[in-house]
Amino acid sequence: MKPKPVVREPMPEAELVSEFSGQETQEESPVESEEMARRRVRKAKVRAAMDGTVFLDRGMRKYGSLIVYVFVLALLVITNNYLSEKIIRESTQLKSELKELQYRQISAKAEWMRLSRQSSVARMLDTAGIKESVVPPFKIKEPVKEKRRWWSSGKESAPED
C-alpha cells in the first residue's frame with residue numbers, strides 16, 4: 001500500500017507568485033515533481049482512452065483480434081443464457097397447461113361415465129317421453145337353411161347345426 005500524501009493548502013503557481021510578489025521562484029521538491037509526473041501520465045492515459053489513440057498502440061494491435069474474439073464469445077454466452085431461460089419459461093408454462101388439460105380430461109371422462117349409466121339414460125329418456133322396456137331383450141335367430149352339397153341331390157341331406 002502506498003502511504004497517503006500529506007494534504008497541504010493549495011499554493012498558487014510558482015510563476016504567478018513570482019510576478020506579483022517580486023520573489024524569485026523556488027525549485028520544487030523531488031516528491032512534488034514525482035507527483036506531478038504521475039498526474040501527467042494519468043492524464044495522458046485518460047486522454048488516449050478518450051480520443052481512441054490507445055487502439056493504435058502497438059500492444060492493442062497485437063492483441064486486438066483476441067479482444068474481439070473474447071468479446072464475441074461473451075456475447076454468445078449471454079445470448080445463449082437468455083435463450084435457455086426463455087425455453088425453460090415456455091417449458092414450465094406448457095407443463096402447467098398440460099396438467100390443466102389432464103384435469104379437464106379426467107373430469108370430462110367422469111361426467112361421461114356418470115351420464116352413460118343405465119339409470120341416467122333412463123332418467124333422460126323419461127323426460128323425452130320414452131319409457132324403459134320391462135321385457136328383457138332376446139336374440140332373433142334366423143331359420144337354418146339346408147345347404148346343398150355337390151354329391152347329394154338335396155332330399156337326402158340332413159340339416160347341419
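**A helical chain with a nonpolar surface patch**

Tyr63, Leu66, Ile67, Val68, Tyr69, Val70, Phe71, Val72, Leu73, Leu75 and Leu76 together make a nonpolar surface patch with about 1,100 Å² of accessible area. A patch joins residues with over 30% relative accessible area and no salt bridge, like charges within 9 Å and nonpolar side chains (Val, Leu, Ile, Met, Phe, Trp, Tyr) within 5 Å. Accessible areas come from the Shrake-Rupley method with a 1.4 Å probe, and for residues only the protein chains shown count as cover.

The model is predicted: local features need pLDDT of at least 70 and side-chain atom pairs count only at pLDDT 80 or more, while totals for chains, interfaces and linings use all residues. Residues are numbered from 1 along each chain as its sequence is written, and side-chain values use heavy atoms, with hydrogens and water left out.

The protein chain has 4 helices and 0 strands, in the order α-α-α-α along the sequence. Helices (H or I, at least four residues) and strands (E, at least two) are DSSP runs numbered from the N terminus. Of the 161 residues in the protein chain, 4% are buried, where buried means under 20% relative accessible area, exposed over 50%, and partly exposed in between (1.4 Å probe, protein chains only). The accessible surface of the protein chain is about 16,800 Å², and carbon and sulfur atoms account for 61% of that surface.

Tyrosine 63, one of the patch residues, belongs to helix H3, which covers residues 58–115. Tyrosine 63 is partly exposed because its relative accessibility is 44%. H3 has 58 residues and spans 86 Å from first to last C-alpha, close to the 86 Å expected at 1.5 Å a residue; the expected span is 1.5 Å times one less than the number of residues. H3 also has a kink of about 50° centred on glycine 64. The bend at a residue is the angle between axes fitted to the seven residues ending there and the seven starting there.

The whole structure contains 4 salt bridges, each a side-chain nitrogen of Lys or Arg within 4 Å of a carboxyl oxygen of Asp or Glu. In helix H2 (residues 30–51), arginine 38 and glutamate 34 lie 4 residues apart, about one turn of the helix. Their closest N and O atoms are 4.0 Å apart in a salt bridge. Arginine 38 is partly exposed at 41%, as is glutamate 34 at 46%.

Glutamate 100 and arginine 104 are 4 residues apart in H3, about one turn, and form a salt bridge with closest N and O atoms 3.9 Å apart. Glutamate 100 is partly exposed at 42% relative accessibility, whereas arginine 104 counts as exposed at 52%. Glutamate 111 and arginine 114 form a salt bridge with a closest N and O separation of 2.5 Å. These two residues are separated by about one helical turn because they are 3 residues apart in helix H3. An α-helix has 3.6 residues a turn, so residues three or four places apart point the same way. Glutamate 111 is partly exposed at 35%, and arginine 114 is also partly exposed at 35%.

Beyond its neighbours within four places in sequence, serine 120 is in contact with Arg114 and Leu115, contact meaning heavy atoms within 4.5 Å. Serine 120 counts as buried because its relative accessibility is 6%.
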